[in-house]
Amino acid sequence: MNPTERILTSGPLPMDLDNNLNFSPDGRSLVFDCRDARGIDGCAELGLVDIATGKVNIFYRQQPPVLGVGAASWLNAREVVAIHAIGGLRYDFTVRGGMIISTDGSGSARWLDSRDVTPPFTPGALRGGTHKHEPDGTGKWVGFTYNDHIMKTEHGSDVRNVGVSLRGPTVKVAEDREGRCFTGESFSVLLTACVETPTPGSDEIRRAEGDCWVGRSGYKTASVARGRARAFRGQVAVREAGETAYYSEVFLVTVPEELTIPGPLGPLSGREDDYPKPPHGARVTRLTHTAKKANSALRGVKGHLRCPDSGKWIAYIGPAARGGAIEDQVFVVSPLGGEPKQLSSIPGGVMGDPRFSPDGAYVAAAASDGSVWTFS
């Protein structure tokens, strides 16, 4: 079979595919948002394109003053979950939530996560903005990244964390006139506890992002049991020439079955002067240690992490030496730990993020000249 390229759409309507679950479960449609150069702030429409015919269908339109929708992922055969602006408030990373939206054009929509920014805060509700919503294979669990509104507006702190929503146990919140607080259909928690100033040389994290599920239905742990976890890039600190430098590493955090039990770091809902804290059993493990390399050009990992359905590997982009040059190449590391493996050695390096084939047999990535390569 000779692969061919085909233009699906044309015309002035802007269309953006985010780093999410863009393909419908049956593989027949792609979901997109209509952001322009401003980004999601001001974007008001979501659409579908039929892969066979190229037909475009705008299935959701926001009405002013609520503007800001995008980065949709398929939740099931009939619904997507997307970033959504809040009430008439100005869109911001800390002022948004996850909205479950029907693709039938009815405009049916409901909040995924609850939000409560009025003390005392509510366990299971969040106090900020979620994005990069990624359902697991069951659609019951949805991972996200998070920025906290209370800490940003009251204390000037804006570190990013990763979290998870468990659909089903609704967390009721007293709504206010401004629409700042609302009730969603999930119990939501943070899985990480990032800090503003990590101790250099430690495993403390300043920023968590680029996350993905480790396997469609978990991964095989050392005890043979299936484990549920999120992999993410965590930013650590090192001392470099008398200054503090930051590099991202691959981390894994386990997702406990029971989210309602607070962990040792503090309450799930946070305090007025501190971030929400992870539940009991959310254990963070560091999988790469590139920041310890003597050559600073070989430190750090990039992009969105990816896993095959089996959860056997976590793929990422990292710097590698080839000849006398340092180039970005594809690596994988096991969720059980061990040394990473370099998969690619393309002249000029790769660009963008890696992707696993549906059967997990190989990883695809784009080269700097625009060609697509596969590695096994």
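This tour moves through the structure stop by stop, naming what to select and what is found there.

**Before starting**

The structure is a predicted model, in which local features need pLDDT of at least 70, side-chain atom pairs count only at pLDDT 80 or more, and totals for chains, interfaces and linings use all residues. Residues are numbered from 1 along each chain as its sequence is written, and side-chain values use heavy atoms, with hydrogens and water left out.

**Stop 1: the sheet of four strands**

Select β12, β15, β16 and β17. A strand here is a DSSP run of E of at least two residues, numbered from the N terminus, and two strands count as paired if DSSP finds at least two bridges between them. These strands form an open sheet in the order β12-β15-β16-β17, with antiparallel pairing. Its edge strands are β12 (208-213) and β17 (284-286), each of which pairs on one side only. From one strand to the next, the twist averages 35 degrees; such angles run from 0 to 180 degrees between the N-to-C directions of axes, which are lines fitted to C-alpha atoms.

Now select β15 (residues 229-240) together with β16 (residues 243-254). The two pair in the antiparallel sense over 12 bridges. They form a hairpin with 2 residues between them, and A241 in the turn has a positive phi of about 55 degrees. Two bridge pairs can be picked out: V236 has Y247 in β16 as its partner, and A231 has L252 in β16. How many residues of β15 are buried? The count is 10 of its 12 residues, and the strand is thus described as mostly covered. Buried means under 20% relative accessible area, exposed means over 50%, and partly exposed lies in between, with a 1.4 Å probe and protein chains only.

On its other pairing, β15 is joined to β12 in the antiparallel sense over 4 bridges. Select E209 to find R233 of β15 opposite.

**Stop 2: C212**

Stay in strand β12 and select C212, which is placed there. Is C212 buried or exposed? C212 counts as buried because its relative accessibility is 4%. Beyond residues up to four places away in sequence, C212 touches E134, A229, R230, A231, L305, R306 and C307; contact means heavy atoms within 4.5 Å.

**Stop 3: pockets and a cavity**

Rolling a probe the size of a water molecule over the atoms shows where empty space is left. On a 1 Å grid over the protein atoms alone, a cavity is a set of points where a 1.4 Å probe fits but cannot get out, whereas a pocket is an open set with protein on both sides within 12 Å along at least five of seven lines; lining residues have an atom within 4 Å of a point.

Select N20, L21, N22, F23 and R306, which lie nearest the centre of the largest pocket among its 35 lining residues. The volume of this pocket is about 1,200 Å³, where a volume is the space filled by probe spheres set on grid points joined across faces, edges and corners. The elements that give two or more residues to its lining are β8 (128-135), β12, β18 (302-306) and β22 (350-356).

Next, select N19, N20, L21, K132, E134 and R306, which line the largest cavity. About 40 Å³ of space lies in this cavity.

For the second largest pocket, select R6, L8, L17, F23 and L30, the closest to its centre of the 14 residues that line it. This pocket holds about 540 Å³ of space.

**Stop 4: the sheet of three strands**

Select β1, β2 and β3, which form an open sheet in the order β1-β2-β3, with antiparallel pairing. β1 (29-33) and β3 (56-61) stand at the edges with a single partner strand each, so one side of each is left without a neighbour in the sheet. Strand β2 (residues 45-50) is joined to β3 by 5 bridges, and G47 stands opposite I58 in β3.

**Stop 5: T103**

Finally, select T103, in the loop between β6 (96-102) and β7 (109-111). T103 is buried, with a relative accessible area of 13%. Leaving aside neighbours within four places in sequence, T103 is in contact with L48, F59, W74, A77, R78, E79 and V80.
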